[in-house]
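Please keep the sequence and the structure at hand while reading.

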Number of protein chains: 4
Amino acid sequence: MFPTTDTLVQPLRKVLDKFSLVRSATEAICKPLAIEDYIPQPIVDVSPPKWHLAHSTWFFEIFVLKTFYPGYKAFDPVYNELFNSYYNTIGNRTARNRRGFLSRPTVAEVYAYRAHVNEHVAKLESFITEKNEQEICTLIETGCQHEQQHQELLITDLKYILSCNIIRPTYHTVSIPDQTHTIKSAFLPVSEGMYQIGYAGDEFCFDNELGVHQVFLTEFRIQNRLVTNGEYMEFMADGGYKDFRLWLSEGWDLVNKEQWQHPLYWEQKDGEWYEFSLAGEHKVNKQAPVCHVSFFEAAAYAAWAGKRLLTEFEWEVAARLYNPELKVQNSQDHWIFQPVTTSENQPACQQLFGETWQWTNSAYLPYPGFAIAEGALGEYNGKFMMNQMILRGSSCATPYNHMRHTYRNFFPANAQWQFSGIRLAE
Amino acid sequence: MFPTTDTLVQPLRKVLDKFSLVRSATEAICKPLAIEDYIPQPIVDVSPPKWHLAHSTWFFEIFVLKTFYPGYKAFDPVYNELFNSYYNTIGNRTARNRRGFLSRPTVAEVYAYRAHVNEHVAKLESFITEKNEQEICTLIETGCQHEQQHQELLITDLKYILSCNIIRPTYHTVSIPDQTHTIKSAFLPVSEGMYQIGYAGDEFCFDNELGVHQVFLTEFRIQNRLVTNGEYMEFMADGGYKDFRLWLSEGWDLVNKEQWQHPLYWEQKDGEWYEFSLAGEHKVNKQAPVCHVSFFEAAAYAAWAGKRLLTEFEWEVAARLYNPELKVQNSQDHWIFQPVTTSENQPACQQLFGETWQWTNSAYLPYPGFAIAEGALGEYNGKFMMNQMILRGSSCATPYNHMRHTYRNFFPANAQWQFSGIRLAE
Amino acid sequence: MFPTTDTLVQPLRKVLDKFSLVRSATEAICKPLAIEDYIPQPIVDVSPPKWHLAHSTWFFEIFVLKTFYPGYKAFDPVYNELFNSYYNTIGNRTARNRRGFLSRPTVAEVYAYRAHVNEHVAKLESFITEKNEQEICTLIETGCQHEQQHQELLITDLKYILSCNIIRPTYHTVSIPDQTHTIKSAFLPVSEGMYQIGYAGDEFCFDNELGVHQVFLTEFRIQNRLVTNGEYMEFMADGGYKDFRLWLSEGWDLVNKEQWQHPLYWEQKDGEWYEFSLAGEHKVNKQAPVCHVSFFEAAAYAAWAGKRLLTEFEWEVAARLYNPELKVQNSQDHWIFQPVTTSENQPACQQLFGETWQWTNSAYLPYPGFAIAEGALGEYNGKFMMNQMILRGSSCATPYNHMRHTYRNFFPANAQWQFSGIRLAE
Amino acid sequence: MFPTTDTLVQPLRKVLDKFSLVRSATEAICKPLAIEDYIPQPIVDVSPPKWHLAHSTWFFEIFVLKTFYPGYKAFDPVYNELFNSYYNTIGNRTARNRRGFLSRPTVAEVYAYRAHVNEHVAKLESFITEKNEQEICTLIETGCQHEQQHQELLITDLKYILSCNIIRPTYHTVSIPDQTHTIKSAFLPVSEGMYQIGYAGDEFCFDNELGVHQVFLTEFRIQNRLVTNGEYMEFMADGGYKDFRLWLSEGWDLVNKEQWQHPLYWEQKDGEWYEFSLAGEHKVNKQAPVCHVSFFEAAAYAAWAGKRLLTEFEWEVAARLYNPELKVQNSQDHWIFQPVTTSENQPACQQLFGETWQWTNSAYLPYPGFAIAEGALGEYNGKFMMNQMILRGSSCATPYNHMRHTYRNFFPANAQWQFSGIRLAE
């Protein structure tokens, strides 16, 4: 069975409770939007908020209701083609770069679509049998996990959309907290040995976190916090973007072609660096972690610092060791969607979760024994295992109950628009 | 002075009346739209409706109010950059291909912008002097003409936007009239001689319609109506899109690259041709004029028919001769924005105005004595005189009081999304 | 009959003499080349010299020998596909942008191909009949004219190829003559009236020079010489490449995209302008005509100078008036392939022929009554009548007996690699 | 020290002998070429043979002679810029996609360049000191290894160049041997355990083969031979190129965009598959290994076969186990540059070396402890560790003494023009 471990068993009731919470959370994210904000797609990587709302709903309609709700009538049959993302198994779909061309259905219609699907999923209890309950639960659980991924994408995409506008619209007006200190950078040891990698718990995980397997690691040391904006400014001031020796060949080509000079969303005015955030434009805080850097920039920074990035295996092992309970320190500030500095009374190794994703020097490849599921869900992860780099941890835009030590996020090495940062190793 | 003939004198009152009518007409066109329809830009040629509404307003703010309204305060200074189209003189502007990325200002804000500008223009009477009245009148008149051009673009762009959606939203629900007959194609003579070309009246014209000059024409004959869908289907059925001998070299490359097989918006289902119109999808009417063809298709059709296209000079002379009063026959059907067939009791040469623009075999070049105006308005026409072909007449999307015998419309030879059709000569 | 006037009658003997001279002249141009120089195609506009040698030969094989030489056996049947330029009628061909990928046939084989075809054409006298002699003559004459066009292209393309190499190889070592004076710029009058345009003689002309027709011109004045390098430097120094008001919109986009700052082949070192010529690199001579400018640059220069370019009709009329005998002044220097300054004892209007082609402000369009020939030769000219501008006169790379008052050369407005310059009008 | 293990010590004499052999071998490869064959660059991946000859010489001039030959005078200083490949440290260079634009220096001049450098390298013995001998030896050894890499590229690039020509020139006329049998496919076991990876010998290796480290592998089984053309045809016949489920997402996009239907160089005529080889065109032999497939095709084939590709670690361990002596079976046929079938009296696991490179499912990433060398040679390998997949083994175009169990070849996943094939695992 695709996305869960074999031992996951849960009653439908509990899953439906989660479903209800997740669905509401998505809409809560969209509360501050004007209708107009739901439409644009400025780059192909970014999807319109309307599309996220509809596509995450489509997932439940296609994979759950169509199969398990007797006599289910699609809200609108054409939505199948409109809101399919990349599932070739399911049939035609809107080309990814054309999502921003769709003015209809209207936003109101999409919310009606959501309500229609929510209502029917809620009624599924009447139709379960002993035989299919577990399958239904798994599919709804998967749909919730999928929707949580889109919650994070909603934030990242919305930030990009608003940033394209010289008006600089704000999403929220909560002020970014003062951050005048950070802990001193240090490197914490992890000893040589055989380690187990992959998800071995009894709750949900994605197929790419399996199979569980052994990896031998030599001793290494992991940085106790993320690289800060202030440190990254030193790299910039030292000519980091001008020294080809620090860059991978493909990254150096990009630096020149795209004229990269700083992290995405930064701008210099009168000698001061400003960044665009969901609260509008403000000065870059030197204590906060650097964010919105590509893998190429992360790797160049590491080379400049005389360090390196972790492998995803090192990261997983160190995170289990130094933050076994998945503690997120800035929980009170989560809704500002902005990474913040370290705290004094925290674990030795901070910011593993909840601030920025951390680029690793591991390519996105299958684990030993990885098997692609039958049917459409088999297209979820496996087919993207090419020319992408692994990010580990989670970010300030990741839903709280969507974090695992074994979680494998992945993006192409040039991607900047995610909340992605840098942690070093030596 | 740029866009008017020297003799044009009019009181501000009359111009403000026109201003009021034109401004309302633009908003009337947008009545049926959902907010979402105002946003997308599926191809670079097409602008979002919101942009048309704002840009035509910007024109009055920048060229009229900023100069002539004492102490005028811009509605929002950033709109200058957001809604400048291509006037380098005026400063920065949103790149043309990024107009669809702007979710803000909201549509409501744009309507407020329109109201603000309308209100101030209406008050201009208090500030005119004998010295500046004529200049103000000319600029408002130009702004009205400019806005009427954008009214037509609103229609053409909206049609393209809605057509991108497999939902096939409709703009109106008026049914397309029955059209079971058309007049027989015939060729009407125009005799050899010296003719005057260009606008010599005493109302508004664009700078590209000047200077008035003499042209010597040999005898020719002009088709008495537009080429019909039925005739164009014969061209298609006869392999018109597969015979390189009919095509200009650049056109043939496009046929192959873009896989052109039929006019834009046509689709074949079960052996029948359908077209998308603002009333939705319906069968192609064989009596109606073919529309949404590029210059390349028009020229290939003419070659196939053993005829040729007119030059713009021939068209102007013949139109003056055969329709001196600019008569439009389908006036009652105008709001369906769909070209219709000929009528029995009409001039010998029909459909010169009000159905489709007519591609000529003339490149867009300056007339003898053409002079570019000083300042920003000098960028209106002259700088586009390269790699564009002239279209003459007007279309079912052209406002009624925006037609002249001398009007020079122009688009690149590959453009299909305008209401452009074919009239032959021999 | 395609490319000649109806009255052209000539005996085969005379045509074969010309054939022999033209064929030798082509090979004489290639004398200084290393085998390696025959191969590269650095941009799609430029063809490898080997290709020119073979394609001009292919023309005679396909259009003459295949039809009129009884039992003619192709030198190598595959050459038909390899060396067809753009004749769809003739079948497949090497894509234009792939001509530089052909290492074979070797250069020696191409010369053998030429010898083979020459030999067979020379023997055609044995096979002529009264009925076909005139057709054969016309086709050979056309092939000679075609080959002379390729002689000029050989020079222009070779210059481009050698210029790509930082070694800066030289084609010849003749030194460019000293040029310390030029005549003062003046504008010579041509009076208003009806003029005949097009070729009305009894020798060869291309189909695009027909039909002969009347054009009415208002009075104008033509510059008595070409614009000089020195004058063009003033335009550059005055910010000509930085002032958008001087440029057509499409030209301004190119200036920014391609970073145009000066004519092609110019380079600034230590404050001095140098140019690459077929004699290597040397200082730009301020008295010599500016060369290798695009139409956009010519038009921008004219706007800066407060003048305009001529139309092709004005040029033709003025050239007949001021240089009725097609006099070329720098004939002794012709083989340096470099335009030179004016002379004292020359016609009032100098440099009409033999220095640089002169961009006109006329688009390449058919003359009234222009008819495309049947068969493959019909593809010679007509299908290119789109998005190209007319150049008139001839250049220092044009063969002497390949000049006519009515000759219509044409290139896209962005082309710089031809020997193209500027003559103003007012 | 960059490219060798610490323990490598060798006298200069021995290295110079190798130098002499390697340099001659390169020129032997070029014997059959016409001068014209040295010039074209049909795609950016392919370099002109002339460039390979010159660049491999440049390497010795820059890294050896310039430093260690007292008073060395460059053969031609401009060659430094012309023939630098990608060493930013060394200064400007010819853009990679412009190598085919260089007609000069001539081929004869490049051979003279080679002779000049050979002569000076041979004289180095007079100048060595105890202190620098080892460094000189290492640099010459590296230059020889580098040149051997270019020997293989010469073959692959030449094959591509000749294939672009419909003439289908042949490089050699040795006939491809009959191949009527192959051994039955079987999977050979490798047991679970900790294995050492990386080069631990005392001869030359590249920096990317270091550091030596431990890897834990679970049990797996390796295919005893390469996948054959016949087997690959079954995949094709079964719709392998039409079933998206078999493909990585990026690969599926390529299949559609590039219209991939078969390995590079294959063509179907009258129902039979033919391939282009350096001996010309001939029927595809079903027993021979499939070659010129991309990683995407290899992965899709494996998915279709219900197997998978090896990781590079698995490959290295299995190759050491089953072919510890680097035996190449088709040595007598090596100069045909065409992979051939298995033999009866051979190791259990055949074709590990000498037929086709074998795509692994490992991305090109640094080994633990990998360190980039100081200076220009540091650009040799490390900066390409992004978006490339590892190939292991060697091919029929690889020089014999240029094979190691630990050799890491790498190309982008879409590359087809290398001699790359498929070996499965389970």
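Over all chains the count comes to 92 salt bridges, a salt bridge being a side-chain nitrogen of Lys or Arg within 4 Å of a carboxyl oxygen of Asp or Glu. The model is a predicted one, in which local features need pLDDT of at least 70 and side-chain atom pairs count only at pLDDT 80 or more, while totals for chains, interfaces and linings use all residues. Residues are numbered from 1 along each chain as its sequence is written, chains are lettered from A and ligands numbered from 1 in the order in which they are written, and side-chain values use heavy atoms, with hydrogens and water left out.

Within chain B, the side chains of Arg114(B) and Glu147(B) form a salt bridge with an N to O distance of 2.7 Å. Arg114(B) belongs to helix α4 (residues 107-122) of chain B and Glu147(B) to helix α5 (residues 133-163) of chain B, so this pair ties together parts that are 33 residues apart in sequence. Helices (H or I, at least four residues) and strands (E, at least two) are DSSP runs, numbered from the N terminus.

The interface of chain C and chain D comes next. Here 29 residues of chain C are in contact with 30 residues of chain D, where contact means heavy atoms within 4.5 Å. The size of an interface is often given as the accessible area lost when the parts come together. Buried area is accordingly taken as the accessible area (1.4 Å probe) that two parts lose on being put together, summed over both. Chain C and chain D bury about 2,500 Å² between them, and 64% of this lies on carbon and sulfur atoms. Glu36(C), Phe101(C) and Arg104(C) supply 28% of the area that chain C buries against chain D, more than any other three residues.

Two salt bridges are found across the interface of chain C and chain D. The side chains of Asp37(C) and Arg104(D) meet in a salt bridge at 2.5 Å, N to O. Between chain C and chain D there are also eight residue pairs in polar contact, with both residues at pLDDT 80 or more. A polar contact is a pair of N or O atoms within 3.5 Å; within protein, one must be able to donate a hydrogen and the other to accept it, and residues adjacent in sequence count only if both atoms are side-chain atoms. On the side of chain C that touches chain D, α3 (79-83), α4 (107-122) and α5 (133-163) of chain C each supply at least two residues. By class, the residues of that side are 19 nonpolar, five polar and five charged. In this division Ala, Val, Leu, Ile, Met, Phe, Trp, Tyr, Cys and Pro count as nonpolar, Asp, Glu, Lys and Arg as charged, and the others, Gly among them, as polar.

Chain D also meets chain A, in a contact that takes 27 residues from chain A and 27 residues from chain D. The area buried between chain A and chain D is about 2,200 Å², with 67% of it from carbon and sulfur atoms. How many salt bridges are counted between chain A and chain D? The count is zero, although four residue pairs are in polar contact across the interface of chain A and chain D (both at pLDDT 80 or more). Among the elements of chain A, β3 (213-217), α7 (249-257), α8 (295-304) and β9 (357-363) each supply at least two residues of the side that touches chain D. That side of chain A divides into 16 nonpolar, eight polar and three charged residues.

Other chain pairs are apart. No contact joins chain A and chain C, whose closest C-alpha atoms lie 13 Å apart. Chain B and chain D do not touch either, and their nearest C-alpha atoms are 13 Å apart.

Two details of the backbone remain. A cis peptide bond joins Leu210(C) and Gly211(C), with omega about -5°, and Gly211(C) is in the loop between β2 (193-197) and β3 (213-217) of chain C. In chain A, Leu326(A) has a phi near 55°, a positive value in a residue other than glycine. Most residues other than glycine have a negative phi, and most peptide bonds are trans.
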